[in-house]
Amino acid sequence: MSKIGKGTDPRSQAKKDLLVLLERAQSRSDYLSGETIAGLAESLGLSIGEVYGVATFYSFLSIRPQGRNVIRICKSLPCYLKDAQTIIDGVRKEIGIEPGETTADGKFSFELTNCIGACDKAPAMMVNDDVHTDLTPKKISKILEAYK
Amino acid sequence: MLEKRVVLANCGVIDPEDIASYIDKDGFKALKKALKLPGEQIVEEIKASGLRGRGGAGFPCGLKWDLARKAQGDEKYVICNADEGEVGTFKDRYILENDPFSLIEGIAIAGHAVGAKKAFIYLRAEYRFLLGLLEKAIDQAREKGFLKHLDIEVRLGAGAYVCGEESALMESIEGKRGEVRYRPPFPPTSGLWSKPTIINNVETLMNIPRIVLKGAEWFGGMGTEKSKGTKVFSVSGDVGKPGVYELVLGSSLKELVEKLALAKKVQAVQVGGATGRIIPANMLDTPLSFETILGAGAVTVFNKSRDMIDIVYRTLEFLAEESCGKCAPCREGTEAMAAILERFTRGEGLEKDITVLGELADTMMLASMCGLGQAAPIPVMDSLQHFRGAYDKRISL
């Protein structure tokens, strides 16, 4: 029987950069395809399951194709108290999809997310890496226009 | 004066993109002083100051450093936890935006004190917009020769609340799923890649250059017996002036929310985020300290128009979503609590639900692997204690 936790584990060395590599792959092609996951597993000497496990743990990594721009509206309490629902409804109306969906033209994916740390300027949302704060339903179309 | 800016002293004063403006404000003087001293002496100074962790757990910082310094091995790590994911917390964002240099100086001192040559700043994915600023600040410090003894690398999270928990965070830096570890061993003896590791919150590390420069006695002169120094609070919700406020520990919650943040008609305040305490209006004069209520300093205010059961339901829904799923009490308990609370929001609570919530709470607090599951029942139990009437009104059977 092998002793757990003894000596250096070559697999932990291989894993070391897995999350960083997944983040890079995601920013290159918007999502982590089956091929990407299998390719990473092979090159790092890990099982596909291990790579898939990491890829599906984190909410900013996606194994499904995403739109070119990802909208994330904060649904946590401080934004909820500042009527985040009107922002959610506003985005829904503006791009015609529900949270969890991607527009047919592939321009936008729409998600709800947990606290993004902009509670002092609630309600807030992210579009890709940009944080937009003090939102009102009126501001939405102008903000999204810049990403079209 | 209610506010006291120690940690935030340079925020809004220096240019976060220009190290010269920081050096003008005595920047890196503490590091220069520290590098001339043996690590042991710095650790003793931090111990004597009484500084406790600002990320929520409040562990004595000097003790943590002492354990890591004395641990066997040449390879040691310093980690700065900048995975500020607690609901209602944004103080670290404010600090990073305005004064990344003090943080770098604090990390550099920590590295020297414990004998680490490598440090990581684990920055949450939601703060990616700060990555450039932070890396630029590190580059400038390196160019000025302040980081000869320590390499600082920024690692970006990928969206997981639980990674703010120290053992999950280390798993994440190791490239794995951010699932919590069994403890012991604790990080100072066996942390990142099983090496001795100190892991400190952004705000904790911000205090280090101040203490090294002005001394433990000065620091210990602020606060209460067991809560020394100041604390930075993130205030949001039903207030006139949301924002970041720094107060001496022991200041009252009432002063913070009513005098500074201009809250009116307060019904309750959640202190410490999703797993924090819910304080009803009649207890607003509670002091803010480790002995009473604190957490990481998230303060969310609810006025009298809010439905407290709805608030608690949303809190548990969040925790259920963010549970890493490794242990059953947390994974199942948060789901079960959220389902019961959801029924109450619809006015369809059952008499026995109150008992069930209590039983779930006992099990979760006793048997969960980490702080998430152990503290998840707190908002439920607090609301049952202070707002029982609201529950009783919605019992349909």
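Trainee: Which residue is the bridge partner of A:Ile73 in β3(A)?

Mentor: In β3(A), A:Met125 is the partner of A:Ile73. This is a predicted model, in which local features need pLDDT of at least 70 and side-chain atom pairs count only at pLDDT 80 or more, whereas totals for chains, interfaces and linings use all residues. Residues are numbered from 1 along each chain as its sequence is written, while chains are lettered from A and ligands numbered from 1 in the order in which they are written.

Trainee: How do you know that β1 and β3 of chain A are paired, and how do they run?

Mentor: Strands pair if DSSP finds at least two bridges between them. Three bridges join β1 (residues 69-74) to β3 (residues 125-127) of chain A, and these strands run antiparallel. The strands themselves are DSSP runs (E, at least two residues), as helices are (H or I, at least four), numbered from the N terminus.

Trainee: What joins β1(A) to β2(A)?

Mentor: Six bridges join them, and β1(A) and β2(A) run parallel. Within this pair, A:Arg72 stands opposite A:Glu111 of β2(A).

Trainee: What makes β2 and β4 of chain A edge strands?

Mentor: The open sheet has four strands in the order β2-β1-β3-β4 (chain A), with mixed pairing. β2 (108-113) and β4 (130-132) of chain A each pair on one side only. From one strand to the next, the twist averages 20°, where angles run from 0 to 180 degrees between N-to-C directions and axes are lines fitted to C-alpha atoms, for helices over the stretch in contact.

Trainee: Why is B:Phe290 called buried?

Mentor: A residue is buried if 20 or more other C-beta atoms, placed from the backbone, lie within 10 Å of its own, exposed if 12 or fewer, and partly exposed in between. B:Phe290 has 20 such atoms within 10 Å and therefore counts as buried. B:Phe290 lies in the loop between β8 (277-280) and β9 (298-303) of chain B. B:Phe290 touches B:Arg52, B:Gly58, B:Lys226 and B:Ser227, not counting residues up to four places away in sequence; contact here requires C-beta atoms within 7 Å.

Trainee: Why is B:Asn98 called partly exposed?

Mentor: B:Asn98 has 19 C-beta neighbours inside 10 Å, so B:Asn98 is classed as partly exposed. B:Asn98 belongs to helix α5 (residues 91-98) of chain B. Leaving aside residues up to four places away in sequence, B:Asn98 touches B:Cys11, B:Gly12 and B:Pro16. The C-alpha atoms of B:Asn98 and B:Gly12 are separated by 6.3 Å, although the two residues are 86 apart along the chain.

Trainee: How do you know that both faces of β1(A) are covered?

Mentor: On one side A:Asn69, A:Ile71 and A:Ile73 are buried, and on the other A:Val70, A:Arg72 and A:Cys74 are buried. Six of the six residues of β1(A) are buried.

Trainee: What makes up the largest nonpolar core?

Mentor: A nonpolar core is a set of buried Ala, Val, Leu, Ile, Met, Phe, Trp, Tyr and Cys residues joined through C-beta atoms within 7 Å. The largest has 166 residues, and those with the most contacts inside it include B:Cys80, B:Ile107 and B:Leu256. Helix α6 (residues 100-114) of chain B gives the most to this core, with nine residues. B:Ile107 touches B:Val78, B:Cys80, B:Ala119, B:Ile152 and B:Leu205, not counting residues up to four places away in sequence.

Definitions and conventions:
Contact = placed C-beta atoms within 7 Å.
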